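Thanks, everyone. Let's get the model up on the screen and walk through a few parts of its architecture.

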Amino acid sequence: MSKPARMAERPTAQYGSDVIVDLLKAFEIEYVALNPGATFRGLHDSLVNYGGNHMPEVILCPHEEMTVALAHGYARAKGKPMASAVHNIVGLQHAAMAIYNAWCDRLPVIVMGGTGPMDTAQRRPWIDWVHTALVQGNLVRDFVKWDDQPGSVEAVPDAFIRAYRLATTDPMGPVYLCWDSEVQEKKLDGEIPFSSLDRYPAPLPIQAPEEGFEKAVRWLLEAKAPVIIADSVGRREAGFKALLELAELLAIAVFDQYGRFNFPVRHPLNLTGMQEKVLGGADLVLVLDVPDLEGAVSKRAQEKGARRPIPLLSSKARIINVGLDDLLVRAWSHDFNKLREADLSIMADTSVFLPELARRLKGEKEGLKKKAADIEKRRGQWSKLHAEREEAQAQQTRAKWDERPIATSRLYSELAEILKHEDWLLTNGTSSGKENLFLPATKFNQILGKYKGGGLGYGLPASLGAALALKGTGKLCVDLQPDGDLLFTISALWTAAHYKIPLLIVVCSNRSYYNDEEHQERMAQARGRPVENKVVGIRIEDPPVDFAANARSYGVWAVGPVTEPKDLGKALRDGLKVVKEKGRPALVDVVCQMR
Ligand SMILES: Cc1ncc(C[n+]2csc(CCOP(=O)(O)OP(=O)(O)O)c2C)c(N)n1
Ligand SMILES: [Mg+2]
């Protein structure tokens, strides 16, 4: 039993919470986002005074939801977890929404809480009682991968190491560690030993069995019109690169679901958005890390309040399903989505499955030769369709260029223009995802992806987490920020200003929780009620929110509201300059059309 090497220089732990800090350091956790509270006062002291407030550094947030959302965005950008600390049951209740979002996105967050004392004989009157539960982890147990509450300081290392390993093993997810205040504040008699972390390596990724490769290779070579639907392949660079290689090798059309960024936007095989034109003729669908297959292969029925989607895929098409999502099926939340159909279902990590599939297919020299003409024919066909999509988009953008309020297509185009010479990254987007077709991303993780939990309040804090993760790398982080979502967690602007987090926040102010206007419109149509009432209880007008004034009040540079199309370019450039040259956050509030 020895301490990890990198802790050799550290002072000896004197209290239980010093041991927790030793573990955070051993795993190179860079930040702990928190809102302070007495149940982790021991840990807070250890972070600052024992750990020197470095690796991890404390990041103060004005709401616990932000502490977790920040860690969620950090994990997307960096591929590893940071921690959040939330005060007993009250902080945990505030954090719960963000924990659920991280759960649905399969992203690792180490959520730590304080509790107790569990020994009722040691409690202060009132507050220690109303803020203690049996067991605190119950509150979030259905949407974390694991939770624990060690009963002694000696049990802390095991709990922490297990939590870290589970959180970071695919399919990843948040974990919750609850530290009893007695355990944190315990004065130690001697050293608490724990083995070197090398004794607890990350497990190797899950690979498909031989039968999976044999069938997948054969079916792909047999198919006349194969397509790929990818959702979270882009969480790892090996998967991202192999997907490109595979699609190019066989000229397969790719539909990006944007759980992560999976495929270059301007690539001629990227037919995202053209499902209606293509899926009906597909005879094989390779489904990669897609929890919601039904949504990916159907069209939403918008008319008359109908709920059921319209299927686009022929029932004759073969389906190969690859992913690990079934490993995280739980009973409480139905985030497993509709039961997925498949002719071949493979439980494998796409980041090892796809490179091996591509390697095997390249070795099929005879089969490829026989199919060469077919492959080239469909390459031409897909690239023509791709060009049509680009042309239609350009035409629509031109037609709406001078409209007021500013058209979203103009906003995305002008943003793309100013980012042209930057090493940019989109940390968050709108619910329509339309911007992804305007910002020509090519690189791994250049768009961090949409959040599947669908709980509002995510965009700003998650973007700050991503920008914090990438601070100093020269990458320019951009948050395309819907206004309604922003209002949930707007005080995160204080955190942005205080920690000088370089982030360009472009607020899409349609002054509405617009998504719900469409629902109210459908209700009105279905029930024969006045459609004009759809805005009641939904518009954010009278008064409109002055987001720039809000931002300035928190110490963030801001411009807006920008209402004139001609002023947009300069406002965006000025914001960009602040982020680039001063390394600080900037907010540009743009009054724009609904979609
Ligand atoms: C926590 C939470 N509350 C309410 C909703 C319901 N909801 C879904 S989308 C939406 C509107 C979002 O408005 P905004 O962020 O401004 O985006 P817009 O639709 O206007 O583009 C609402 C209220 C939700 N998803 N999450
Ligand atoms: Mg809105």
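Start in the sheet. Leu-284 has Arg-318 in β12 as its bridge partner. Five bridges join β9, residues 284-288, to β12, residues 318-323, and the two run parallel. Strands here are DSSP runs of E with at least two residues; helices are runs of H or I with at least four, and both are numbered from the N terminus. Two strands pair if DSSP finds at least two bridges between them.

A word on the basis. This is a predicted model: local features need pLDDT of at least 70, side-chain atom pairs count only at pLDDT 80 or more, and totals for chains, interfaces and linings use all residues. Residues are numbered from 1 along each chain as its sequence is written, chains are lettered from A and ligands numbered from 1 in the order in which they are written, and side-chain values use heavy atoms, with hydrogens and water left out.

Now the whole sheet. Five strands make an open sheet, ordered β8-β7-β9-β12-β13, with parallel pairing. β8 (253-256) and β13 (344-347) are the edges; each has a single partner strand, so one side of each has no neighbour in the sheet. From one strand to the next, the twist averages 15°. Across β9, β12 and β13 lies helix α12, residues 350-362, at about 140° to β9. Axes are lines fitted to C-alpha atoms, for helices over the stretch in contact, and angles run from 0 to 180 degrees between N-to-C directions.

Next, a helix pair. How do α1 and α2 pack? Helix α1 (residues 16-26) and helix α2 (residues 41-50) pack at about 60°, axes 8 Å apart. That makes them oblique, therefore: under 35 degrees counts as roughly parallel, over 145 as roughly antiparallel, 65 to 115 as roughly perpendicular, and the rest as oblique. In α1, Ser-17, Asp-18, Ile-20, Val-21, Asp-22 and Leu-24 meet Gly-42, Leu-43, Ser-46, Leu-47 and Tyr-50 of α2. Contact means heavy atoms within 4.5 Å.

Another pair: α3 (residues 64-78) and α4 (residues 88-104). Their angle is about 25°, and their axes are 7 Å apart. They are therefore roughly parallel.

Last, the metal. Asp-483 (OD), Asn-510 (OD1) and Ser-512 (O) coordinate the magnesium ion, ligand 2, at 2.1 Å. Donors are N, O and S atoms within 2.8 Å of the metal (3.2 Å for Na, K and Ca); water is not among the atoms, so sites may look incomplete. The donor spacing in sequence is D-x26-N-x1-S.
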